[in-house]
Amino acid sequence: MAFKTVLSVTGADHSDQDVRIAASLCAEVDAHLSVLIISPPPLLMSPPPLCDGVPVWPEQRALDRLEKRSWQIGSYMDRLEKQSWQIERFSHDMERLQKRSRETRTLLRGRRLSHDVDTDYGDQSSIGDVVRQPALCADLTIVGPALLNDDNLGRLVINGSLSETGKPVLVVPKGAVATLKPRRVLVGWNSRGEASRAVREALPFLSGAEEVRLAVVGPEASCNGNGPEPGAGIVAYLARHGVQVAIYRLPSAGQSVATVLAQHAIDTSADMIVMGAYGHRRLRDRIFGGVTRWIVDKPPLPLFLAL
């Protein structure tokens, strides 16, 4: 199965770098590009009723009641002022969204690429759902450097597109040269379901690569986990799909799996790393802990993830 629909998610205040990367990838494989531009708003808070939380004493003196009422009105006016600022901010953000949408459409029309552009304005709790809908109708979601480095959007977008849909994500860090027709691919294998799905989803470009290396870090032969010959089963699976793959069993030497994989990718001049994103419970920590530090600390390489 080829990649025929690619989703690119970007922020309203981002540059067009991420969209340009996604457009170039779509041009490589003649895919349709769907662009979703998001502008998460500040949290809106409704003012409480005037008398909320303020006791009323029957024997209170009139002056005390007047002072308390004056304080309540002042507090209420402060809240109204804050809400007015939030409404003004919303209006400004909507204008920015529309401006960004027009600029993106102009950019893509110039490339003569099949595309559609959509915008959304949701609160932080709904970003995952906002991304999930278009991601369900795409073969692949691209996370470019601007989105990856956005502390507000990046985490929510990856969780929404990866953990909520089962569809793969291609992370393209700053400085990386991304392609959907890589010549050399390194596959990180650990005999887990997530790694198996990553391999299956990556078949469109694995089958066309000149060299595919399957790396098993610190494997232990067993009847359950890795099997008596770690990695042998998935190598046979790939061979049946026409993928010529060589297996490398790499010692960990006390280092993390990510460090060993990164170093092997550098040593072999890999164009891309394919790996599973591990389990739902540990997804956030894995991606924004180990993997993000890995991407930042090591020479940049596109990372193809599936869950």
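Q: How many helices and strands does the protein have?
A: Ten helices and ten strands. The model is predicted, so keep that in mind throughout.

Q: What share of the residues counts as buried?
A: 44% of the 307 residues.

Q: And the contacts, what percentage join residues at least 24 apart?
A: 82%, counted among contacts between residues at least 6 apart in sequence.

Q: Cysteines next. How many disulfides turn up?
A: Zero, in a search of the whole structure.

Q: Is C26 buried or exposed?
A: Buried. Its relative accessible area is 0%.

Q: And C137, buried or exposed?
A: Exposed, at 61% relative accessible area. The cut-off for exposed is over 50%.

Q: Let's do helix packing. At what angle do α3 and α5 cross?
A: Roughly 45 degrees. Helix α3 covers residues 127–136 and helix α5 covers 154–163. Their axes come within 8 Å. That angle makes α3 oblique to α5.

Q: Is that crossing left-handed or right-handed?
A: The crossing of α3 and α5 is right-handed.

Q: Which residues make the contact?
A: From α3, they are I127, G128, V131, R132 and A135. From α5, they are L156, V157, G160 and S161.

Q: What classes of residue are those?
A: Five nonpolar, three polar and one charged in the contact of α3 with α5.

Q: Staying on α5, how many of its residues are buried?
A: Eight of the ten, so α5 is largely enclosed by the rest of the structure.

Q: Which ones?
A: G154, V157, I158, N159, G160, S161, L162 and S163 are the buried residues of α5. V157, G160 and S161 are also among the α5 residues that touch α3.

Q: What about α9, which residues are buried there?
A: V260, L261, A262, H264 and A265. Helix α9 covers residues 257–267.

Q: What follows α9?
A: S269, with a positive phi near 55 degrees. S269 lies in the loop between α9 and β9, and β9 is residues 272–276.

Q: Is S269 buried, exposed or partly exposed?
A: Partly exposed, at 45% relative accessibility.

Q: Where is R112?
A: In the loop between α2 (62–109) and β3 (115–120). R112 counts as exposed, at 80% relative accessibility.

Q: Back into α2. What does T104 touch?
A: V19, V35, I37 and V117, leaving out residues up to four places away in sequence. T104 lies in helix α2. T104 is buried, with a relative accessible area of 1%.

Q: Change of topic: S34. Where is it?
A: In strand β2, residues 32–38. S34 counts as buried at 13% relative accessibility, since the cut-off for buried is under 20%.

Q: Which residues is S34 in contact with?
A: T5, V6, L7, S8 and D116, with neighbours within four places in sequence left aside.

Q: S8 comes up there. How far is S8 from G144?
A: 8.1 Å between C-alpha atoms. Along the chain, G144 and S8 are 136 residues apart.

Q: Where is G144?
A: In the loop between β4 (140–143) and α4 (145–148). G144 is buried, with 1% relative accessible area.

Q: What is G144 in contact with?
A: D18 and V172, again leaving aside neighbours within four places in sequence.

Q: Last one, P300. Which loop is it in?
A: The loop between α10 (283–297) and β10 (303–306). P300 is partly exposed, with a relative accessible area of 35%.

Q: What does P300 touch?
A: P173, K174, G175 and A176, not counting residues up to four places away in sequence.

Q: And how far is P300 from D271?
A: 9.7 Å, C-alpha to C-alpha. In sequence, P300 and D271 are 29 residues apart.

Terms used: Residues are numbered from 1 along each chain as its sequence is written. This is a predicted model: local features need pLDDT of at least 70, side-chain atom pairs count only at pLDDT 80 or more; totals for chains, interfaces and linings use all residues. Side-chain values use heavy atoms; hydrogens and water are left out. A disulfide is a pair of cysteine sulfur atoms within 2.5 Å. Buried means under 20% relative accessible area, exposed over 50%, partly exposed in between (1.4 Å probe, protein chains only). Helices (H or I, at least four residues) and strands (E, at least two) are DSSP runs, numbered from the N terminus. Contact means heavy atoms within 4.5 Å. Axes are lines fitted to C-alpha atoms, for helices over the stretch in contact, and angles run from 0 to 180 degrees between N-to-C directions. Angles under 35 degrees count as roughly parallel, over 145 as roughly antiparallel, 65 to 115 as roughly perpendicular and the rest as oblique. A crossing is left-handed if the near helix is turned anticlockwise from the far one by less than a right angle, and right-handed if clockwise. Ala, Val, Leu, Ile, Met, Phe, Trp, Tyr, Cys and Pro count as nonpolar, Asp, Glu, Lys and Arg as charged, and the others, Gly among them, as polar.
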